[in-house]
Amino acid sequence: MSDEEDYMSDKFLQGSQKDTSSTLLYRHADKRKFELMKKKSEIEAKLKEKGSAKYIEEEKREAGLSSAITSTNKGFEMLMKMGYKPGHGIGKTESGMTEPLGVEVKLNRHGLGKEAKKKEVKVKTNSISDKLDNKNMKDFRGRIAQKRAEQLLKADLYKSQKICEQLDMQLNLEKPREIWFWLPQENDESDDTDSEEDDEETLPVNEKLDILTKYLREKHFYCIWCGTTFQNTEDLRDNCPGNTRDDH
């Protein structure tokens with residue numbers, strides 16, 4: 001194999017290096033040329049903008065707002081004739097404004113007062129949203145508190161029914177005074193009347209608990225919250241805080 005055909009020869013490697021170097025140089029040159037063209041176009045755009053009527057108007061406005069009113073101004077001459085002194089407040093007592101009102105340049109096409117109206121509506125909307133959030137939070141807390149209270153009532157009623165059954169059976173009572181005074185039996189085949197069943201369904205839990213609590217205290221001298229059977233009515237009255245959960 002000759003040197004010309006041998007890809008590992010010095011001649012072949014030198015040729016490859018030349019090709020690579022020339023390619024890189026070409027790419028760098030294109031990149032540099034592109035950057036120069038981009039910068040040139042940006043400069044031309046700025047110069048063109050500076051020459052526009054809008055740019056000239058903005059420059060004049062900024063120059064006018066940043067400079068003080070001169071004595072050649074007609075309005076300034078009128079103030080001087082009425083006794084105004086530069087640097088002093090306006091008015092007889094010189095307690096008024098010392099600087100003129102600031103100029104707020106209007107750059108949009110909205111009517112006067114539009115922005116203030118939008119801000120007012122936004123504040124009002126946020127206020128209504130906050131009130132709704134507070135109301136929803138109060139309603140949510142109220143529902144949670146009500147649910148918890150109902151659960152406590154059901155737990156107290158269950159406990160009262162259970163202890164009532166035990167105490168009545170100790171007195172050899174074969175059935176409760178009311179069908180719901182004892183816990184319901186799964187295979188209960190008692191011959192209760194329809195009116196008793198209706199009363200059991202229509203009475204709310206809190207009323208059932210009040211009636212059963214009174215029965216336990218009067219019949220057995222027992223308080224479910226104290227968890228104690230007292231000796232008699234006087235003992236119950238003197239040593240039990242009350243006949244409700246809140247009393248305990």
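The legends below describe several close-up views of a predicted model.

**View 1**
Of the 248 residues of the chain, 14% count as buried. Among the contacts between residues at least 6 apart in sequence, 36% join residues that are at least 24 apart.

**View 1. Helix α4 and the residue that follows this helix.**
Helix α4 covers residues 114–170, and its 57 residues should span 84 Å at 1.5 Å a residue, which agrees with the 84 Å between its end C-alpha atoms. Its buried residues are Asp156, Leu157, Ser160, Gln161, Ile163, Cys164, Glu165, Leu167 and Asp168, and what covers them includes α6 and β1. After α4 comes asparagine 172, whose phi is positive, near 65°, although this residue is not a glycine. Asparagine 172 lies in the loop between α4 and α5 (194–202), and it counts as exposed because its relative accessibility is 66%, where exposed means over 50%.

**View 3**
Lysine 135 and aspartate 139 form a salt bridge in which the closest N and O atoms are 3.2 Å apart. Both residues belong to helix α4, and because they are four residues apart there, about one helical turn separates them. An α-helix has 3.6 residues a turn, so residues three or four places apart point the same way. Aspartate 139 has a relative accessible area of 33%, and therefore counts as partly exposed.

**View 2. A salt bridge between distant parts of the chain.**
In this view aspartate 156 forms a salt bridge with arginine 245, and the closest N and O atoms are 2.7 Å apart. The two partners come from distant parts of the chain, since aspartate 156 is in helix α4 while arginine 245 is in the segment after α7 (233–239), 89 residues apart. Aspartate 156 is buried, with a relative accessible area of 5%, whereas arginine 245, at 37% relative accessibility, counts as partly exposed. Side chains of opposite charge can pair when their charged atoms come close.

**View 3. A salt bridge between exposed residues.**
The side chains of arginine 237 and aspartate 238 meet in a salt bridge with an N to O distance of 3.8 Å. Arginine 237 and aspartate 238 are both exposed. A search of the whole structure finds three salt bridges.

Histidine 220 is placed in the loop between α6 (205–219) and β1 (222–223), and it counts as buried because its relative accessible area is 8%. Its side chain makes a polar contact, at 2.7 Å, with the side chain of aspartate 168. Leaving aside residues up to four places away in sequence, histidine 220 touches Leu167, Asp168, Leu171, Tyr215 and Thr229. Phenylalanine 221 is also in the loop between α6 and β1, and it has a positive phi of about 55° although it is not a glycine. At 22% relative accessibility, phenylalanine 221 counts as partly exposed.

**View 4. The largest nonpolar core.**
The largest nonpolar core of the model has 13 residues, and those with the most contacts inside it are Ile163, Cys164, Phe181, Leu212, Leu216 and Ile224. Helices α4 and α6 each supply at least two residues of this core. Isoleucine 224, one of the residues named above, touches Asp156, Lys159, Ser160, Ile163, Leu209 and Leu216 when residues up to four places away in sequence are not counted.

Cysteine 223 is in no disulfide, and the nearest cysteine sulfur, that of cysteine 240, is 3.6 Å away. Cysteine 240 is likewise in no disulfide, and for this residue the nearest cysteine sulfur is that of cysteine 223.

Methods. Residues numbered from 1 in each chain as written. Predicted model: local features only at pLDDT ≥ 70, side-chain atom pairs only at ≥ 80, totals over all residues. Heavy atoms only, no water. Disulfide = S-S within 2.5 Å. Salt bridge = Lys/Arg side-chain N within 4 Å of Asp/Glu carboxyl O. Buried < 20%, exposed > 50% of the residue type's maximum accessible area, 1.4 Å probe, protein only. Polar contact = N/O pair within 3.5 Å; in protein donor to acceptor, adjacent residues only side chain to side chain. Contact = heavy atoms within 4.5 Å. Expected span 1.5 Å × (residues − 1). Core = buried A, V, L, I, M, F, W, Y, C linked by side-chain atoms within 4.5 Å.
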